[in-house]
Amino acid sequence: MRWLSIGAVAVGLASFVAAIDPIEVYGNKFFNRDGSQFFMKGIAYQLRPDDPLIDTEQCRLDASLMRELGANTLRVYHVDPEADHDGCMEAFADAGIYLMIDLDTFDTYILPTTLTWNKTMYDRYAEVMDTFHGYDNVLGFFVGNENIATRTDSPAAPFLKAATRDMKAYRDGRGYRSIPIGYTAADIKELRPMLQNFLTCGGNSSESVDFFGLNSYSWCDPSTYESSTYDQLQEYAENFPVPIFFSETGCIVPGPRIWEDQEAIFSEPMVNHWSGAIVYEWIQEQNNYGIISYGPRVDDLSRNDETVFDGWTRKGTPTPKSPDFDNLKTRWATISPTGISKSDHDTNTLSTRACPSSTEGGWWVVNGNVRLPTIGEVMTAPFETVSSVTPTSTADTGDDPAESDDNNNDEDNGALVAKSTLWGLVFAGVVMGACLWI
């Protein structure tokens, strides 16, 4: 019954998204329907921990100001698949704004400390996809965010790739639009470029991510292409086999932000290989990264209602934060990359990297093109997996996988995903990788 009801809702969504054409991936770039290249000018958007896409009035207010800013993409970290999103998705579509949405929920985050990809997680990812696949302004789905952030975390990589494999098979098995599925990584020097290479290596497109996002805060104004290490990031991105973009950026040290990094990202040589950037973040809150405010800070930290959470107003008329908002608006207004047309994009120039090998004493311990776990497997050693049930492949079908032990961690594991949303730590109760927070 659930599948029927979801399908019926999805059919009704077409009228809401007719005003905006879907974006597609071809080679290592995003393209509009007319064949022109699409570059992200994006904003991270998470007004509240559970779902920012359920208040139509608020979305309309925000969408209007986002259009004035020049944004064309939003990144949303958590959504409630049970909620009604029609109004917000229509509001953003009308403003010409696409969305990148995380598939994981607070209790389905792939944790390096509890390595598993189980049926409970699979089902929850699928629910999010079922809810959002019918909106033409969904640009992509993430299977994870900064899951690998410390020296001992790289064994999680095969599980992220397994989630990608199974979600792509589910998408295709259900006959959904080929919405790209990818991952967004922390910018950690010791992991460059092993993770992005592993997620795209092996020669099997059904297992590889469709795009790779990087959360990087290494460019702090004033800075340069070299001193920010953007020259190194560019070296790793040249002719990468799938689209690569900045999924978070916007260092606030020392401030105010003048957004010179945007000039570098949207000019040569980076514009030839990168697909734009998502700025962190929309709302001003405790971490001080916001570019708008809904009102002054609230002294009563225990207050939690539809307007206030964690001491910050999260509803109302958005007011630009000076000078960061205007600086970004002015910067983006001067940036209009044309890129390359789809018909001229030569995919033969792209290079699929070799699967990285482990190095003694290094951060990367996954040795080459290892077998990916199937649903229900747990990791017992860096290079071994053991099944808790009889393995069941889902690569050739969109049907639900065979029943398996959930091995599910019931904690709110969204803390690392909500790196960007500091108040998410209150919900998650997890402080993994906190030393890496900006």
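View 1. Helices (H or I, at least four residues) and strands (E, at least two) are DSSP runs, numbered from the N terminus. The model is predicted: local features need pLDDT of at least 70, side-chain atom pairs count only at pLDDT 80 or more, and totals for chains, interfaces and linings use all residues. Residues are numbered from 1 along each chain as its sequence is written, and side-chain values use heavy atoms, with hydrogens and water left out. Of the 438 residues, 58% are buried (under 20% relative accessible area, 1.4 Å probe, protein chains only).

**View 2. Three strands form an open sheet in the order β1-β2-β3.** Their pairing is antiparallel. Strands pair if DSSP finds at least two bridges between them. β1 (24-26) and β3 (37-38) are the edge strands, each pairing on one side only. Three antiparallel bridges link β1 to β2 (residues 29-31). Val 25 stands opposite Phe 30 in β2.

**View 3. Asp 153 sits in the loop between β7 (138-145) and α6 (157-173).** Asp 153 is buried yet has no salt bridge (a side-chain nitrogen of Lys or Arg within 4 Å of a carboxyl oxygen of Asp or Glu). The nearest side chain of opposite charge, Arg 151, is 11 Å away. Lys and Arg count as positive, Asp and Glu as negative; His and the chain ends are not counted.

**View 4. Asp 153 touches Pro 112, Asn 147 and Ile 148, leaving aside residues up to four places away in sequence.** Contact means heavy atoms within 4.5 Å.

Technical notes: Buried < 20%, exposed > 50% of the residue type's maximum accessible area, 1.4 Å probe, protein only.
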